[in-house]
Amino acid sequence: MAKDLRSFIDGLRASRSADLVEIEREIPRDLFMTLIQEKLAKEGRYPAVLFRNVAGHGWPVVTGLFSSYSLLARMLEVDPTDKKRVLSEYMRREAGPIAPIAFTGTTAPVHEIVMTGDDIDLDRLPVQKHCAGDSGRYITIGCMICRDPVSGVANVGTYRHELKGRTRMGCMMNPVQHAATIRNRHHGAGKAMEVAVFIGHHPAYHVGAASRGPLEHDELAVTGGLLGEAVELVACKTVDLKVPAHAEVVIEGRIAPDSFENDGPFAEYAGYYGAPMKVPVIEVTAITHRRQPIWHDLFPSFREHTQVGVLGREAQLFRRVREIVPTLDAIHLPPSGANFWHCYVSLRKRVQGEGKLAGLAVLGSNYDVKHVIVVDDDIDIYDDQEVLWAVATRVQADADCSIVTNSFGAHLDPTAYGETRSERGPMTTKVIVDTTRPLNREFAQRVRPAAQLWDAVNLRDYLGPGGAGAADGRP
Ligand code: MN
């Protein structure tokens, strides 16, 4: 059995963990699903949520699949309590891509239902408006496939698509993204670009699509590596592209040269609305889907947005920082820092100045990171409270904080500035906060429970199964 969205949800359900919440009650299509996610977050809960009954639509909607490191652990089938293992397992699998293969059955699941011509109606999909200030309804976690006319290699990436009627939807591509380069190559030759957007698959597909590499990099082979099995591909119905056979939904279409529509305002990952812009338009030529499909959505102004790409970025940082700081212990881009703007680094410091060196290595390896906090390896960098405790108790700002002004940063940062400083632009000020303790003198002894006792005592033995400790009442 190929790993797909259904097998992943079934696995979550079977684990009876707090990582899945299923909601039977009917819910309005717009604004409410994100509201439920926000309400859960206020309780410190970041599960995948399956809405079984969306008003006016027969399709269940799943969202929140990337909301926690625990869910990323489940994607990789590793112990969700072993956070460091998540990144090491990701790096191991990312390093072993598996090439896609052809689907060999008679009818691919994603082709069980095929709509072309007058049957095409994007409004039949339970696409929601996520936030009140959004310009409309957006598909937020589609994976768009197109083919580079130069190399012939297919590219997969995640772009947002605002619905623009029964057969048209926008396609917001950042100019630095591969699809924008490929579109320019098509349109420069006066040709339309064929695309196929698949929605709803095992989360490894989306993490694979977010993996970073050169234009010729095969995201579906990375996905295969992450899954531990080859992706099965089937030919599209109306465009000359291949799509994963076990996806829930595929939207096929073409982007003509010089066809643009408005996109935005749009609630973005850092918690602010992004400004409107003009984006290319996809003219839809077919919608295909499985029987009894599940729609996959993602809340874009929420931690799951950036967590799709967090392991790829952490892996890149880990490799680069370890080259110069071999005692690197762990690296994490915490959701509390809009995922990409804060970086926590822990290391087993051996020489004076090594903490700051690790901070410099981070800043030199990724332009989105704005604040680096470096800690000793007794600090759990997956726990914001521990990191902030280290900042509170191990830092004197004049010695331990270093400021780098006027460097390139994240353009969605509302405080970013330009070279004249009085205007908006892509530049930010970077800070390294080095909380590592000095090596050349005694430092106060930390109060901790005795390690042997800690390991020997299981809290559940005292609280009972499903007792006061389980936030959602599950065992
Ligand atoms: Mn690519």
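The model is predicted, so to speak of local features a pLDDT of at least 70 is needed, side-chain atom pairs count only at pLDDT 80 or more, and totals for chains, interfaces and linings use all residues. Residues are numbered from 1 along each chain as its sequence is written, and side-chain values use heavy atoms, with hydrogens and water left out.

**Manganese site**
- Asn155 (OD1), His178 (ND1) and Glu219 (OE) are the protein donors of the manganese ion, 2.0 to 2.1 Å from it; donors are N, O and S atoms within 2.8 Å of the metal (3.2 Å for Na, K and Ca), and sites may look incomplete as water is not among the atoms.
- Along the sequence, the donor residues follow the spacing N-x22-H-x40-E.
- Asn155 sits in strand E7 (residues 154-162) and His178 in helix H5 (residues 178-188), so this pair ties together parts 23 residues apart in sequence; helices (H or I, at least four residues) and strands (E, at least two) are DSSP runs numbered from the N terminus.
- Asn155 is buried at 1% relative accessible area, where buried means under 20%, exposed over 50% and partly exposed in between (1.4 Å probe, protein chains only).

**Aromatic pairs**
- The structure holds nine aromatic pairs; rings of Phe, Tyr and Trp (its six-membered ring) pair if their centres lie within 6.5 Å, with planes under 30 degrees apart counted as stacked, over 60 as edge-to-face and the rest as tilted.
- Tyr138 and Phe266 form a tilted pair, because their ring centres are 4.5 Å apart and their planes at 55°.
- That pair links distant parts of the chain, with Tyr138 in strand E6 (residues 138-147) and Phe266 in strand E13 (residues 266-267), 128 residues apart.
- Tyr138 is buried at 0% relative accessible area, and Phe266 is buried at 3%.
- Tyr269 and Phe340 are also tilted, since their centres lie 5.9 Å apart with planes at 55°.
- Ring pairs also join Tyr46, Phe299 and Phe302 into a cluster.

**Around Gln37**
- Gln37 is found in helix H2 (residues 32-42) and counts as buried at 3% relative accessibility.
- Beyond its neighbours within four places in sequence, Gln37 is in contact (heavy atoms within 4.5 Å) with residues including Val49, Thr63, Phe299 and Phe302.

**Towards the surface**
- Leu463 lies in helix H14 and is partly exposed, with a relative accessible area of 35%.
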